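Have the sequence open next to it.

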Amino acid sequence: MSSITTSAIETPARRSVERTCDDLALVVLAAVALIAGLTFRDYGLGWDDYTHAEYADLLLRMYGSGFKDAGALSFANLYMYGGGFDMTAALLHKIIPLELFETRRLLGAVVGVIGLAVTWRLGRRIGGPIAGLATLLLLALCPIFYGHMFMNPKDAPFAVAMVVLMMGLVRLAEEYPRPSPRTVLIVGIGAGLSIGSRILGGLALVYALIGFMPLFIEEVRVEGGREALHRFAHVVYVLLPGLVLGYLIMGLIWPWSIIEFDNPFRALTYFSHFFEKPWKEMFDGALVSVPDMPWSYLPTLFALQLPEVLLALLIGGGVGTFVVLPRKDVPARRKTILLMLTLAATLPIAIAIVKRPALYNGIRHFIFVIPPMTVLAGVSFGWIMNWLGNNRRNWQPAVLAVFIFGLLLPLGEMIRLHPYQYTHFNHIAGTVRAADDRYMLDYWGLALKQASDGLREQLDERQEVPPQGRKWKVAVCGPQRPAQVALGPDFTIGWDSHAADFAMTLGEFYCKGLTAPVMVEIKRDDVVFARVYDIRGRSISSLLSIPAP
């Protein structure tokens, strides 16, 4: 994984490849943006959407009152997260003709496309135009990332902020010890947005401290210890304006973090322990309490949910990083960049394996490692293609065909699962069809939107109206607020199934399969994501298959 040098693109043919890759990348970005613009309304609400919208209102009210209304600083536990995405969505809702939650979905798509663009540029910067295009394709066709960018208000924006910060750190390594003002600005913005979104953004400091060791060791060897320390101090001094800017950005989107100086550390302590009443989730066919998930939780789910081509190239990229670290012919800057990138892709997972925190909702809390994973994989693919070009040119078409085939596998699954791409399981797992009985799929409860739309359509087709003097009553096994928003004002929702007209249930293990006429069934790949039952005249004691926690 040595650097792809400029000499590799000196010929006209190589320059043509560079232009072609960049043009294709722009086409991919435009296509994703177009598809997202046409489909963002398809994505339903999750468990947290309504609460995040309330948090945004409280934050805007606080700023509008000159900090006199401080309700946002003690709201649920969201005050320990940044509210930048939520505030932006609330403000955008005031100026565009969309419903609030449609606006949130559209903004999620916009942030996701920005993340794709930054990740592409990062992959291109590290590995060249082929690596950049491969990185973009791997991320755009990663169903977990693509699905979450529409409806995850915390983890997806945080992932984008972290890749912006990684871009700044890579530029810093390239320009060390004289970072340009643009690099200082990118580092500051990335640090402010990432830490202001989630305190886990502080992990980037670990990436930098460990990652810069090869470069610092080289500085000591060439310039001497005193001069190396002087250069390091100069870099820190030059970065100060950017770090001040980052602190201000963090305070703007996460005001609680600067009310008291040590509040970010309090948040870190708070989230290092499980902070809710424990419940059980399905993992590997067994119900496990979330504080007791095995160390294999994250490695297993990453192995079964990421596309196969991404996994293969990621392993190659990680191995390649450790191969080049001891090599004397590889520049120290290159080693630093690859080491930081590898740490960004793997260190959070390694820490979770060792520390064993409460783990739940699949890998959604670790979405931020996927962009650096795709960069590492893209750089690996770029190196393979360039090596073949110099040594086995006739093999390039075959390798390219395998790569394209690897991309078509998740693409087919994304089309089949739409709009539930985030539930994807790869062919190693047997797709969602085989994973349904062993793992959680629609843990956000997005399918209640389509189930609600289907119920309204059924009632309209049958020309049925609610009993005199009341609304339709729907018992819901799943997130209540999203169901209410999706159903609208003509329905009353709740858990009580005794007096309900209809029962709406997710296809997850905790919801019963009822013996009643099925009015609506939402399925993907032969897997039931949600059902609506007609339970009028029936006695249904509970919708839950297990006791409530």
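This is a predicted model: local features need pLDDT of at least 70, side-chain atom pairs count only at pLDDT 80 or more; totals for chains, interfaces and linings use all residues.

Numbering starts from 1 along each chain as its sequence is written, and side-chain values use heavy atoms, with hydrogens and water left out. Helices (H or I, at least four residues) and strands (E, at least two) are DSSP runs, numbered from the N terminus.

- Two packed helices are described by the angle between their axes and the distance between the axes.
- Axes here are lines fitted to C-alpha atoms, for helices over the stretch in contact, and the angles run from 0 to 180 degrees between N-to-C directions.
- H16 (residues 332–355) packs on H17 (residues 370–391) at about 135°, and their axes are 9 Å apart. That makes the pair oblique (under 35 degrees is roughly parallel, over 145 roughly antiparallel, 65 to 115 roughly perpendicular, and the rest oblique).
- H16 and H17 cross in a left-handed way; the term means that the near helix is turned anticlockwise from the far one by less than a right angle, with clockwise giving right-handed.
- On the H16 side, the contact (heavy atoms within 4.5 Å) uses Arg334, Leu341, Thr342, Ala344, Ala345 and Ile349, and H17 brings Pro372, Met373, Val375, Leu376 and Val379.
- Sorted by class, that contact of H16 with H17 holds nine nonpolar residues, one polar and one charged. Nonpolar covers Ala, Val, Leu, Ile, Met, Phe, Trp, Tyr, Cys and Pro; charged covers Asp, Glu, Lys and Arg; the others, Gly among them, are polar.
- H4 (residues 100–127) also meets H17, with axes that come within 9 Å and cross at roughly 35°. The crossing of H4 and H17 is right-handed.
- From H4, Thr119, Leu122, Gly123, Ile126 and Gly127 touch Pro371, Thr374, Val375 and Val379 of H17. This contact of H4 with H17 has five nonpolar, four polar and no charged residues.

**The buried side of H13**

- Which residues of helix H13 (residues 263–271) are buried? They are Asn263, Pro264 and Ala267, where buried means under 20% relative accessible area, exposed over 50%, and partly exposed in between (1.4 Å probe, protein chains only).
- These residues span an arc of only 105° around the axis, so they sit on the same side of H13; the arc is that of the directions from the helix axis to the C-beta atoms.
- The buried residues of H13 pack against helix H12 (256–259).

- Most residues other than glycine have a negative phi, and most peptide bonds are trans.
- Tyr176 to Pro177 is a cis peptide bond, with omega near 5°. Look for Pro177 in the loop between H7 (155–175) and H8 (181–197).
- His418 and Pro419 are also joined by a cis peptide bond, with omega about 0°. Pro419 is in the loop between H18 (396–417) and H19 (431–435).
- Ala76 isn't a glycine, but has a positive phi of about 45°. You'll find Ala76 in the loop between H2 (49–64) and H3 (84–93), and at 55% relative accessibility it counts as exposed.
- Asp284 has a positive phi too, near 55°. Asp284 belongs to the loop between strands S1 (280–283) and S2 (286–289), and its 39% relative accessibility makes it partly exposed.

**Residues to click on**

- Ile353, in H16, is partly exposed with a relative accessible area of 27%. Beyond its neighbours within four places in sequence, Ile353 contacts Trp295 and Pro299.
- Pro326 sits in the loop between H15 (308–324) and H16, exposed at a relative accessible area of 62%. Pro326 and Pro214 are 112 residues apart in sequence and 9.6 Å apart from C-alpha to C-alpha.
- Not counting residues up to four places away in sequence, Ser452 touches Ala483, Ala486, Leu487 and Met504.
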